[in-house]
Amino acid sequence: MKAAEVVLITGISGSGKSVALHALEDAGYFCVDNLPPELLLDFVRLELDRYDRRQVAVAVDARTAASLPALIGLIEKLQRKGTKIRPIFLDASTPALVRRFSETRRPHPLSMTDHARDQGHALLDAIEQERGLLEALREVSTVLDTSQLRPAQLRAWVRDLVGATTSSLTLVFESFAFKHGVPLDADFVFDLRVLPNPFYIKDLRPLTGRDAAVARFMEEQPEAGELLTQIETFLRRWIPGFESDQRSYLTVALGCTGGQHRSVYGVELLAQRFKDRNATLVRHRELDTGE
């Protein structure tokens, strides 16, 4: 089997798999939605026989629940055959999923059909059942937390992921606001709320950590430099271990109160410091529009 690019989109129902697949289709991928896992090997083989090195994206979800446990073995088999496969797992918090199903009025694929039962409880049960069903698959995938993302953000983040090199470990630096929750996809979380907050300076309040005035303010704070240097030292010490473990992505999340100043500054600084060592991606959850 020839080397190829296959992106495998999986994840929790309601987490945005259709949005992600459309983003890849717009980026030139040949996309198939809801492919039964048992057809994955034959489908990839057929594609490679017909089209040399065509980029392919496949979405698999709970509608094929009985076959999902076999996916990990299929991923490993494709990799042994020389196929470059990127499993991307979309996740979201339970409150976010409940809100989305309520807004769209679509049933969860694993929802019980007993109409006499309270539908709210049925939905919660289905979400938890699906999490258990997909837990092992989540562990071998690159995880994207879509809880706070607008569709345009998700499209941009997916395009960034598939566009990044995976020949070595890619570092994803993500800023976020603690008041909106910690990202589910974070491998490491660092709290920058201990640092002086530019929000309380009138001229800096409307700005972000990407603005020069905020950067100058943070550079003047000795504790900011000390904390970010300690984070850098920690990452440099342990990144080789993740590379040895054949990890493709490592997500480092920096949070502050509003996700606007301190965490954004920290992410920009660390990404700059690591860009010569690793491929780096920058995400600002509360700022990015994805447009």
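Q: How many nonpolar, polar and charged residues does the lining of the largest pocket have?

A: Ala, Val, Leu, Ile, Met, Phe, Trp, Tyr, Cys and Pro count as nonpolar; Asp, Glu, Lys and Arg as charged; the others, Gly among them, as polar. Here the lining has ten nonpolar, nine polar and ten charged residues. The model is predicted: local features need pLDDT of at least 70, side-chain atom pairs count only at pLDDT 80 or more, and totals for chains, interfaces and linings use all residues. Residues are numbered from 1 along each chain as its sequence is written, and side-chain values use heavy atoms, without hydrogens or water.

Q: What is the volume of the second largest pocket?

A: On a 1 Å grid over the protein atoms alone, a pocket is an open set of points where a 1.4 Å probe fits, with protein on both sides within 12 Å along at least five of seven lines; lining residues have an atom within 4 Å of a point. Points join across faces, edges and corners, and volume is the space filled by probe spheres set on them. This pocket has about 700 Å³. Of its 24 lining residues, G14, S15, G16, S18 and R106 are closest to the centre.

Q: Which helix gives the most to the lining of the second largest pocket?

A: Helices are DSSP runs (H or I, at least four residues), numbered from the N terminus. Helix 4 leads with five residues.

Q: How many disulfides does the structure hold?

A: A disulfide is a pair of cysteine sulfur atoms within 2.5 Å. The structure holds zero.

Q: Is C31 buried or exposed?

A: Buried means under 20% relative accessible area, exposed over 50%, partly exposed in between (1.4 Å probe, protein chains only). C31 is buried at 17%. C256 is buried too, at 2%.

How values were computed
Helices (H or I, at least four residues) and strands (E, at least two) are DSSP runs, numbered from the N terminus.
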